[in-house]
Amino acid sequence: MPVLSVFSNVLVGGTSETWSHLVDTVLGEFLGNTVILCVGVGLGAASIGVTTAWLTTMHDFPGRRFFEWGLVLPLAVPAYVMAYVYTDTLRFVGPVQSWLRETFGWRAGDYWFPDVRSVGGAVAMFMFVLYPYVYMLARAAFLERAAGMLEAGRSLGLGPWGCFFRVSLPLARPAVVAGTTLALMETLADFGTVAYFGVQTFTTGIYSAWFSLGDRIAAAQLSAALLAFVILVLLLERASRGRARFHNTSRSAARPVRQRLGPLAGAVTAFACFMPLFLGFLLPGFLLLEMALTEGDAQFGARFVQLARNSFVLAAVTALLAVVLAVVLAYAARLARTRLPDMLNRIVALGYAVPGSVIAVGVLIPVTRLDNQIAAWWHSAFGVNPGLLLTGGIAALVYAYLSRFLAVALHSVESSLGKITPSMDDASRSMGYGKWATLGRVHVPILRGSLLTAGLLVFVDVMKELPATLVMRPFNFDTLATQAHTLAADERLAEASTSALTIVAVGLLPMFIISRQIVKGERVST
């Protein structure tokens, strides 16, 4: 419905003066910056992810076991939090430039220093936060390729680099492309980083058209343009595969034998794995903790408790509903005799590819109309104006979250439900249990761990979500994410650190679960 709402408003609304003004002035800048971000983040995330995945999979060096799971930790840090931290550190009055001036006696204008609040700075923020998508999928692909294929490559005279470029990398191409596509989806959906850096993109334009210009039609038109860009990225990802197939034809199931590196090569490799982790997680985490402990939010106390409560209520309600809906949808597809429910579930899962700002516009326009109609009917029937029941509370906001993040829970539940053999359903039926009794008494207990993981992933995604929350939150209803953005926009970066650090701390929970699965899978494989 949100997507249909966006396109229907474009078709019905026609060409507004605001849209014409945007086309003549800033639409080209929106498109140019978006393309630069996608190209830069795609190349950077793919390079870092593939390199670290190859090094930790095929080589043995000091710290390898730590880097295997530690390299996923940057996913816990939202890109906009990274932007706040590095801006505070690298700005003119920050510690880095202050130290340079004190050490070398420089003054303003005596030296050149890169401006982090730029398109290049935004690319760097996204790159170091989102490379784990590529790392996790590429590493799994490298591990799944049998050692026999690499041995065949070596028997044909290929060295280590030849085996990488001509055997392993082509076979891992679907995983690398899929991870890069996920990184690009997150880049296109971001608002906090590009808004804070002053980089004009479609997401910032949607927010400005809605709030600054008050034109919902122009906001819908920009949303449609962004959605078309997302669809283009997905089609390019699909077209890049072509008719190519990437099957593992080796009969050998052995894992690749890691090459033990010498002291110098091992140190260089460990450094190459350490830098992405350091720049993407350790350094910003340390700086956030230092700012929160030394200065922090001046309103820490009752105000912070209220913000945390709002965030946790939204995240908990959405996570609970998402898990329940995911179980119902996945189980219905399992029971169905046709492929229609499965096809409908695939449509539901597409919501994750839609940016939060587009979801917000697509939800808010029809829900606001429905809200006004309900209020008018209620007033005519009972003589009392109930106000805005949906958009005046958190109901519409939770619906927007579900439209985007239900796919996260659905994928997790479907994957785990598919591992339960149908014979268990037959055994339950033979004992007199119906379909839904079987779900409650057989499947749910088995799925308990997966349901917890699915709920936790949705919980963290809602905690970090910024654009949809900014657009749709009720009046005088703030969350940790909106508080951090507001304080950072006012250049009160140290005060924003408390809320930002809380978001990062909550985001670490699913990262530890993923890290444990990586370590467990590694132990099984060896």
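**Cavities and a pocket**

Modeller: The lining of the largest cavity splits into five nonpolar, four polar and one charged residues. Before you ask, this is a predicted model, where local features need pLDDT of at least 70, side-chain atom pairs count only at pLDDT 80 or more, and totals for chains, interfaces and linings use all residues. Numbering starts from 1 along each chain as its sequence is written, and side-chain values use heavy atoms, with hydrogens and water left out.

Biologist: What makes a residue nonpolar, polar or charged here?

Modeller: Ala, Val, Leu, Ile, Met, Phe, Trp, Tyr, Cys and Pro are nonpolar, Asp, Glu, Lys and Arg are charged, and the others, Gly among them, are polar. Asp190 is in the lining of the largest cavity, so Asp190 counts as charged.

Biologist: Why is a space called a cavity and not a pocket?

Modeller: On a 1 Å grid over the protein atoms alone, a cavity is a set of points where a 1.4 Å probe fits but cannot get out, whereas a pocket is an open set with protein on both sides within 12 Å along at least five of seven lines; lining residues have an atom within 4 Å of a point. By that rule there are four cavities of 30 Å³ or more.

Biologist: What is the volume of the second largest cavity?

Modeller: About 50 Å³, where volume is the space filled by probe spheres set on points joined across faces, edges and corners.

Biologist: And how many charged residues line the second largest pocket?

Modeller: No charged ones, with 19 nonpolar and two polar. That pocket holds about 500 Å³.
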